[in-house]
Each structure stands twice: as structure tokens, then as C-alpha cells.
Amino acid sequence: MACILTVCLLLISPKLFAQNEPYVVRGTVTPCVNVRTDHSTNAPSIACLVPGTRVMVVGSAPFWREIVFGNNQRGWVAKKYIEPATAVPIDGSDSSSIPLNAFLTIHYVDVGQGDAIWIQTHDDGIDGNGKFEGYSIVIDGGPYSADASNPFLPYIQSQGHRGADIEALFISHPHTDHFYGAQSISKNFRINHYYDPGYPSDLPAYLSFLNAIKGTGSHPGRAQQIHIGEKNFGQIDWGSELKVEVLYTWRGNADNTLGSGNTEINNSSIVLRVQYGDHVFLFMGDAEGKDRDDNPATAKFVEKILLETVPHKLKATVLKIAHHGSETSSTLPFIQAVDPDIVVAQSGRKSFRGTYLPDITTLQRYCTNNPNVRIYRTDQGDAAARYTGRAAADGDHIVIRSNGAGQLQVQALQGGVPFTEKFCR
Ligand SMILES: [Zn+2]
């Protein structure tokens, strides 16, 4: 009987091993492999996956594999275009080396009209071993500079370790809805590394903030190491479990392709890519892709530069949408390249000559690209409540947790209460 059982196991085991196996689209595929509704080249295509996309194989037929991809979508691809994921380790951040309980947590904090992001890396309790260091990283600080009015400050103080350092503070670009709130953050926490695009702003409030960061005369600076301008960024190291890259920042506007005035300042934004295992997070600052009235079919400004220089690094699991979801960003070629599962829009209720951000037309382009995309907003419910200004910073926080593989954990709040409504219908 035991012998028969062994034979049975041997017979069925190859099939068992073929199920639920991680695979990846081969690097030789150009530009993408079609996913079809059935195992036939005549079946309709429902998606096209670029090289490096990870999928789960759940079944097979001669010459075909059945896969689950994206947001639990199912389809078929020809066997020759995918290979076992173990054959292609993800560059710099291998999810198999991340413990299941090692969470990267990203807080997109509701500060009204502005960006305020707090990233926490997992802490393994062993200081200085080069991984899982429990770092806090802050990108921008929102529009409120005074401690008493800045909702970002008590948010971090109430949840962070008492007396904790901020390992890195990034100012995406020198606009007040990004750097004002960083003033109170830098007053209340020790900053190890300060990063700034180095745009030559002459805004007095920004210059005095920079002086406080750098220090003047007898006043020591608020940051230990200052990195102003891309050439001074060096290798960014938040621990070996993470791969952190600046995909773009201010490199001058010699040929005048980045616009002028506020457009040029937006287009100085640091664009940051953070990879944790299989998950990629993209932080866009206020980088633009077009003028408001341009057709979204064509990218210019920073989106054009990214598409030309780092197209293979744009695919992201979570996108912090550029420029508060403004119609001046998110062109179609850019959306197709990023193809996010989750979009986070940080915005409030501030009238820009009658326009409030995000622009609904912009968000709808993400829905058209992928009807299953999940869009979360820090202005959730603010229009209906007729909130304006500081009142719009009413606790619509988005918190995303990743252990580098599988599904992300998302907690979206409206006025501090869990919120689940989907934007795309
Ligand atoms: Zn902004």
C-alpha cells in the first residue's frame, strides 16, 4: 500500500510543482508579451507584460501557461516568453531574503494641499548591520511651517520612536507646499542626511530654511550631512534590503525644455524610486509631463526625460502621483510605463484660479489604463464637506505596508475613519 502511495505521489508531484510558481517575463521579450484569455494565439489579448514582470503560474496547457498577474487578473501566455522567477533575481532587492514580518511602512499624511511622506524601514533590533535599520525617511513636509499648525509633526511624534533621528529628509523642490512643513520637522528631529534638488530659488523663506539646515556662524546646522544638487547625492543607502535611486532631479534648463516660472520649479523635482523585494514605490514630487491644455497623448518636460532615460525603471507598484494629480502631469505614455496597481494623490482644497487638485481627468486616465487600479486621496470627502485650507487636513491618511512580496496592506482613512470606496467604476 505504501509503495502504491509513493508511486501515486511521484506521478502527481510534477503537476503539483507546476502550480503557483513565481515566474518572470524574460528579458529578451520586446516590447511586451501578450496575455490572452485562452491558450490560443487567436484568443483576445487582455494585457501586455514588459520584461521583468513577475507573475504566478497556476496552470498549463501544451505550449502555454496560465498565470495570475497584476491585481489578481488571470490569463494565458506562451511558455517560451516566461521563466521561473528564481532564474532572474531582482537587482539589488531579493524578496526571498525579506522575512514575512519585515514591513516597510509608507505614510502619505494628510496635510491639505501639499506633500508629506514618512517612510519607515523595518527594524531587526541589530543596529549597524547594514540592513533593517528601522530608519525614518521624510519626503517633504506640507504647507504649514509652524509647529502648532503643522499636522505632519504630531503625526510623526505620536507614532515614531521618542528621540528618533530622521535618517534622510528630502525636499522634492522648493515650493511652499513641500518645504514649509519640513521646517518644523527639522526643528524637532535630528536629521542625518538632507537632500535637495539644488534649484537656484531666491525665495526668502526657502533661503532662510536652507540656512537653518546648513547652519550659519555660531548656529549649528540642523542636518549632519547636506546633499544639495544631484552631483552631491552619492549612493543612497537605507539598508541592503532596499534599492533607492534618484531617477531625475534638477540638471539645469539650458535648452529651455522644462518651462519657466513655477513650471520650471516643479520640473526640478527629485523623482525617487524605492524597491523593496517585488514592490516598487515611485515618488514624483511635482514633476510635470505637459502643459494643462496639451493633449495627454504626448509627454514633455520630466515625463519625457524619464521615458527616454530610464523607461525600464518606471514600472511601479505604488505611484505617488505627480503634482497633486494635476492635469499638467500623467500623460498616457507615462501612465502606461508606470502601470501602477495603486495611485496616491496628496492634495487638499486650494483653488488654483478655480481649479482644485487632483484633476478628475487625470485620475480617469489611470482608470482607463487599468480599471482595477486603486486610487487613494488625502482630500477624500473634503469637497463634499466644503473644507478649505487647513480644515482640509482632516486625517485622510494613506498608510501602505509591504513585506516585499504578494499583496500590499493598505489603510486608507477619511477623517480618521477607515475608507474603502474605489475611485474607478
Ligand atoms: Zn506642490
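A nonpolar core, for these notes, is a set of buried Ala, Val, Leu, Ile, Met, Phe, Trp, Tyr and Cys residues joined through C-beta atoms within 7 Å. I keep in mind that this is a predicted model.

**Entry: cores**

I looked up the nonpolar cores to begin with. The largest one has 79 residues, and I117, L169, V343 and V344 are those with the most contacts inside it. I then noted a second, separate core of twelve residues, with V35, I67, W76 and V77 among them.

Leaving out residues up to four places away in sequence, L169 touches V138, A182, I185, S186, I191, Y194 and A223.

**Entry: whole chain**

Next I checked the overall make-up. I get eight helices and 24 strands for the chain. Along the principal axes, the C-alpha atoms fill a box of roughly 85 × 50 × 45 Å.

Of the 425 residues, 44% count as buried. Taking contacts between residues at least 6 apart in sequence, I find that 68% join residues at least 24 apart.

**Entry: domains**

Where are the domain bounds? I have domain 1 at 15-84 and domain 2 at 104-418. Their C-alpha centres lie 34 Å apart. Four residues from domain 1 and four residues from domain 2 make up the contact. On the domain 1 side, I sort the touching residues into one nonpolar, two polar and one charged.

β4 (residues 54-61) and β5 (residues 64-69) are antiparallel partners over five bridges, and A61 stands opposite W64 in β5. Their hairpin has two residues between the strands, and F63 in the turn has a positive phi of about 70°.

On to β6 (residues 73-78), which pairs with β5 in the antiparallel sense over six bridges. W64 turns up again, this time opposite A78 in β6. The hairpin of β5 and β6 has three residues between the strands, and G70 takes a positive phi near 55°.

**Entry: the nine-stranded sheet**

What is the strand order in the open sheet of nine strands? I read it as β15-β12-β11-β10-β9-β8-β22-β23-β24, with mixed pairing. β15 (223-228) and β24 (417-418) stand at the edges with a single partner strand each, so one side of each is left without a neighbour in the sheet.

Inside that order I checked one pair. β9 (residues 116-120) and β10 (residues 136-141) pair in the antiparallel sense over five bridges. Q120 has S136 in β10 as its bridge partner. I117, from my core entry as one of the residues with the most contacts in the largest core, falls in the 116-120 range of β9.

**Entry: N232**

Last stop was a loop residue. I found N232 in the loop between β15 and β16 (242-248). Is N232 buried or exposed? N232 counts as exposed, because 12 C-beta neighbours lie inside 10 Å, and the cut-off for exposed is 12 or fewer. I also took a distance from N232 to P333: they are 101 residues apart along the chain, and their C-alpha atoms are separated by 31 Å.

Definitions and conventions
Residues are numbered from 1 along each chain as its sequence is written. This is a predicted model: local features need pLDDT of at least 70, side-chain atom pairs count only at pLDDT 80 or more; totals for chains, interfaces and linings use all residues. A residue is buried if 20 or more other C-beta atoms lie within 10 Å of its own, exposed if 12 or fewer, and partly exposed in between; C-beta atoms are placed from the backbone. Two residues are in contact if their C-beta atoms, placed from the backbone, lie within 7 Å. Two strands pair if DSSP finds at least two bridges between them. Helices (H or I, at least four residues) and strands (E, at least two) are DSSP runs, numbered from the N terminus. Domain bounds come from an automatic or database domain assignment. Ala, Val, Leu, Ile, Met, Phe, Trp, Tyr, Cys and Pro count as nonpolar, Asp, Glu, Lys and Arg as charged, and the others, Gly among them, as polar.
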